[in-house]
Amino acid sequence: MKAIETTGTIDGRGMLCIDRPLALANRSHVRIIVLVPEDTDIDPDDDPNETVLEGIQQGFHEAITGQTLPLSQLWDGIDDN
């Protein structure tokens, strides 16, 4: 059996609506496991998507404008006490 992970929502009628089509043969029989987050599943250490995207954009900007260190310098002095 092959596993495919995707996301979706449950509509007002209780029907599962997946977010994107699956690349499967039409009329394939499937088994579905639904994982529903609970209030206790929220990880306070997870950054919101907006924060992650801002960090990626900032890093990309720094790389393009040359505001980076050469890889060879990243570990300089790491063993100094």
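Which residue takes a positive phi just after α1? The legends below take up this point together with the fold, the pocket and the charged pair.

**View 1. Overall trace of the predicted chain.** This is a predicted model, in which local features need pLDDT of at least 70 and side-chain atom pairs count only at pLDDT 80 or more, while totals for chains, interfaces and linings use all residues. Residues are numbered from 1 along each chain as its sequence is written, and side-chain values use heavy atoms, with hydrogens and water left out. The chain has one helix and two strands, and reading along the sequence gives the pattern β-β-α; helices (H or I, at least four residues) and strands (E, at least two) are DSSP runs numbered from the N terminus. The C-alpha trace spans about 60 × 35 × 25 Å along its principal axes. The radius of gyration of the chain is 22 Å, whereas a compact globule of 81 residues would have one near 12 Å, the radius being taken over C-alpha atoms and the globule rule being 2.2 Å times the number of residues to the power 0.38. Of the 81 residues, 0% count as buried, where buried means under 20% relative accessible area, exposed over 50%, and partly exposed in between, with a 1.4 Å probe and protein chains only.

**View 2. Helix α1 and the residue that follows.** Helix α1 covers residues 49-64, and its 16 residues reach 22 Å from the first C-alpha to the last, close to the 22 Å expected at 1.5 Å a residue; the expected span is 1.5 Å times one less than the number of residues. The helix α1 is hardly covered, since the count of buried residues among its 16 residues is zero. Just after α1, Gly66 takes a positive phi of about 80°.

**View 3. The largest pocket and its lining.** The largest pocket has a volume of about 1200 Å³. A pocket is an open set of points on a 1 Å grid over the protein atoms alone, where a 1.4 Å probe fits, with protein on both sides within 12 Å along at least five of seven lines, and lining residues have an atom within 4 Å of a point. The lining comprises 25 residues, of which Ile4, Thr6, Arg31, Ile32 and Ile33 lie nearest the centre of the pocket. Strands β1 (8-10) and β2 (16-18) each supply at least two lining residues, and the largest share, three residues, comes from β1.

**View 4. The salt bridge between Asp11 and Arg13.** The side chains of Asp11 and Arg13 meet in a salt bridge at 3.7 Å, N to O, the rule being a side-chain nitrogen of Lys or Arg within 4 Å of a carboxyl oxygen of Asp or Glu. By this rule the count comes to one salt bridge. Asp11 counts as partly exposed at 25% relative accessibility, whereas Arg13, at 69%, counts as exposed.

**View 5. Two separations across the chain.** Leu16 has its place in strand β2 and counts as partly exposed at 40% relative accessibility. Leu16 and Asn49 are 33 residues apart in sequence and 24 Å apart in space, C-alpha to C-alpha. Glu38 is found in the loop between β2 and α1 and is exposed, with a relative accessible area of 53%. Glu38 and Pro70 are 32 residues apart in sequence and 44 Å apart in space, C-alpha to C-alpha.

Methods
Grid points are joined across faces, edges and corners, and a volume is the space filled by probe spheres set on the points.
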